[in-house]
Amino acid sequence: MAKKRPQTKAKRPQLTDGEIPVVGAREPCPCGSGRRYKACHGRTAAHAVTELVQRPFEGLPGECDWVALRELVPAATVGLTLKDGLPEGVPAVTLATVLPMAWPALRRDDGSVLLGLQNDTASGDISRDLADTLLRALEAEPGTPVQGRRAPADGPRLQDLLDAEAPFEPVVHEGFEFWVPDAENATPEVAASLERANAAAIPTVRLQGVEAAYWCRTPEKNHLRWVMPHPEERLLDALARLHAAGRSSLGENTRLVGSFRAHGLTVPVWDLPSEVGAQDVEKSAAEFAERLTEALAARTPLTGDERRARGGLTNRQVTLS
């Protein structure tokens with residue numbers, strides 16, 4: 001019998017970690033190891049994708065407003081400016097709190113792009129997921145939505161794509177008619193989604209005299225939710241000093257009731273009487289901002305009353321993200 005010739009395997013081209021694409025967990029790893037992706041380079045990729053970024057919008061202009069639009073505001077838009085300018089055929093890029101059918105992004109018929117902010121993301125870095133969606137939307141065919149996916153672990157973040165010097169100026173809307181240029185001629189699916197979204201939207205107004213403070217109306221009472229950039233521990237100390245001194249309210253029958261924690265920032269919340277509108281708290285909010293600046297500068301230890309006030313505020317803190 002003839003001897004069997006030894007089998008030889010062609011050498012696969014060597015790939016660096018950065019060149020290995022993301023594939024299904026049970027598929028062979030593209031590196032050529034013969035192992036499944038999840039047992040090979042997928043381990044590193046999974047860790048990078050799921051690792052939580054505490055402040056995903058840090059370094060972007062208007063970080064506090066990014067957090068508010070992500071977690072608190074129903075209907076708002078902001079024009080975005082790209083570092084490298086707009087590609088040919090893309091007249092504008094607009095950030096929107098939410099899009100019809102919960103699309104991550106939409107390339108309109110005129111070539112402009114709407115990027116949705118309040119979508120579920122596949123990784124622990126919202127900024128990277130949004131950047132990936134934005135890049136795909138810029139290349140999508142006009143008139144098509146962009147579907148969600150897991151962003152590459154080494155992909156760019158919003159901080160890499162957006163102009164850090166450009167202003168970030170949210171426009172709050174009463175409803176979601178900004179979804180379509182002509183709401184009356186929207187498709188039945190979009191029209192139904194628009195109707196549902198408008199019915200659920202809580203009336204919201206952004207204050208003009210201070211940054212990232214949003215008034216909203218609910219059936220029982222109104223609220224002011226104010227996203228603040230200060231380090232959490234320092235801010236809670238300052239709020240406790242003001243609260244213990246009886247200087248934490250925004251006027252008669254208003255009170256500081258607690259705070260949210262969202263994307264690494266703290267969001268104090270005030271209860272307001274139902275008859276108090278956004279214009280009614282503009283002056284008192286500006287005055288509170290001055291008191292808060294003074295309290296933030298204090299470095300003396302908290303008194304007993306202030307520590308108790310701080311404990312009460314901490315006990316009423318809710319984490320949103």
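The talk below goes through the terms one at a time.

Biologist: What should I know before reading any value?

Modeller: This is a predicted model, in which local features need pLDDT of at least 70 and side-chain atom pairs count only at pLDDT 80 or more, while totals for chains, interfaces and linings use all residues. Residues are numbered from 1 along each chain as its sequence is written, and side-chain values use heavy atoms, with hydrogens and water left out.

Biologist: How many helices and strands does the protein have, and how are they defined?

Modeller: There are eight helices and 12 strands.

Biologist: What share of the protein is buried, and what does the word mean?

Modeller: Buried residues are 46% of the 321 residues. The word stands for under 20% relative accessible area, exposed for over 50%, and partly exposed for what lies in between, with a 1.4 Å probe and protein chains only.

Biologist: Why is threonine 97 called buried?

Modeller: Its relative accessibility is 1%, so threonine 97 counts as buried. Threonine 97 sits in the loop between β2 and β3 (105-107). Beyond its neighbours within four places in sequence, its contacts (heavy atoms within 4.5 Å) include Leu69, Val73, Gly116 and Phe176.

Biologist: Why does asparagine 198 get another word, partly exposed?

Modeller: Asparagine 198 has 26% relative accessibility and therefore counts as partly exposed. This residue belongs to helix α5 (residues 188-200). Leaving aside neighbours within four places in sequence, asparagine 198 is in contact with Gly175, Phe176 and Glu177.

Biologist: How does the span of α8 compare with the expected one?

Modeller: Helix α8 (residues 304-315) has 12 residues and reaches 17 Å from its first C-alpha to its last, close to the 16 Å expected at 1.5 Å a residue. The expected span is 1.5 Å times one less than the number of residues.

Biologist: Which residues of α8 are buried, and what puts them on the same side?

Modeller: Glu306, Ala309, Arg310, Gly312 and Leu313 are the buried residues of α8. They cover an arc of only 160° around the axis, which puts them on the same side of α8. The arc is taken from the directions from the helix axis to the C-beta atoms. As a rule, an α-helix has 3.6 residues a turn, so residues three or four places apart point the same way. On the other side of α8, Arg307, Arg308 and Asn315 are exposed. The buried residues of α8 pack against α6 (232-244), β10 (255-262) and β12 (317-319).

Biologist: What makes β10 largely enclosed?

Modeller: Six of the eight residues of β10 are buried, so the rest of the structure largely encloses this strand.

Biologist: How do you know that β10 pairs with β11?

Modeller: Two strands pair if DSSP finds at least two bridges between them. β10 and strand β11 (residues 265-272) have seven bridges, in the antiparallel sense. Arginine 261 stands opposite threonine 266 in β11. The two strands form a hairpin with two residues between them, and histidine 263 in the turn has a positive phi of about 50°. β10 also runs parallel to β12, joined by three bridges, and there the bridge partner of arginine 261 is threonine 319.

Biologist: What makes β5 and β6 edge strands?

Modeller: The open sheet of six strands has mixed pairing and the order β5-β3-β4-β2-β1-β6. β5 (144-146) and β6 (171-172) each pair on one side only.

Biologist: How many aromatic pairs are there, and what is the rule?

Modeller: Rings of Phe, Tyr and Trp (its six-membered ring) pair if their centres lie within 6.5 Å; planes under 30 degrees apart are stacked, over 60 edge-to-face, and the rest tilted. The count by this rule is seven aromatic pairs.

Biologist: Why is the pair of phenylalanine 176 and phenylalanine 178 called tilted?

Modeller: Their ring centres are 6.0 Å apart and the planes are at 40°, so the pair is tilted. Phenylalanine 176 and tryptophan 179 have centres 5.1 Å apart and planes at 45°, so this pair is tilted too. Phenylalanine 176 is buried at 4% relative accessible area, phenylalanine 178 at 16% and tryptophan 179 at 3%. Elsewhere, ring pairs link Phe57, Trp66 and Phe168 into a cluster.

Conventions:
Helix = DSSP H or I, 4+ residues; strand = E, 2+ residues; numbered from the N terminus.
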